[in-house]
Amino acid sequence: MTYRNRGMKMHLIVILIAIIAAWYRADWSRFREFHATILYLISMNLLYYFFTVDYRLWVLYSHVGLPVEMLDLFYTFLLFPCTVMLYLTGFPHGWGRQVLHIGKWVLLYFGFEAVGYWLNAIHYFHGWSLIWSFLLLMVMFPMLRLHYKRPFLAYGLSVIIIIFLLYWFDVPWTMKA
């Protein structure tokens, strides 16, 4: 099996694991409670695609003919909702436990991304790297919890973070006609 095929299988396995885990472990009776945070994560991911349409910082590859955009949509509308359901369902009480919970999710996502990078299933551009992905995850998971508790604050901070990242990675602002 080539690295390319393993990369595609990795994407499918990650999404399938998330769906199965969410099916069995998420508290679906709380879906309405978590729905806004699911939409928050989806919207942040779609904003990434909007702002970087011609200047991607990372790209997921399937290597078996599945369009990159389709793979992105699978992650956006399947993996991310499952992630939010699982992450918020299991969010503990107590500061120390919360830090460990966030750390567990950061390491889980980072581990899958590192494997994807090793399998050539994800490529980085314009200065983005595995280290930047780790830093983004360290921000993303606390932001999910913040959005759940204080959505307006999360949106305000998100605007600041987005502006910083667009500036730092010199994402062009000019649009093609």
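A: **Charges first, then the aromatic rings**

The chain carries 13 positive and 7 negative side chains, and the centres of the two sets lie 10 Å apart; Lys and Arg count as positive and Asp and Glu as negative, while His and the chain ends are not counted, and each charge is placed at NZ of Lys, CZ of Arg, CG of Asp or CD of Glu. This is a predicted model, in which local features need pLDDT of at least 70 and side-chain atom pairs count only at pLDDT 80 or more, whereas totals for chains, interfaces and linings use all residues. Residues are numbered from 1 along each chain as its sequence is written, and side-chain values use heavy atoms, with hydrogens and water left out.

Turning to the rings, the whole structure holds 19 aromatic pairs, where rings of Phe, Tyr and Trp (its six-membered ring) pair if their centres lie within 6.5 Å, and planes under 30 degrees apart count as stacked, over 60 as edge-to-face and the rest as tilted. Tyr 48 and Tyr 49 have ring centres 4.9 Å apart and planes at 65°, so this pair is edge-to-face. Tyr 48 is buried at a relative accessible area of 10%, and Tyr 49 is buried at 15%, buried meaning under 20% relative accessible area with a 1.4 Å probe, protein chains only.

Trp 128 and Phe 169 form a tilted pair, 5.1 Å centre to centre with 50° between the planes, and both residues are buried. Tyr 48, Tyr 49, Trp 58, Trp 128, Trp 132, Phe 164, Trp 168 and Phe 169 form one aromatic cluster.

Definitions and conventions: Buried means under 20% relative accessible area, exposed over 50%, partly exposed in between (1.4 Å probe, protein chains only).
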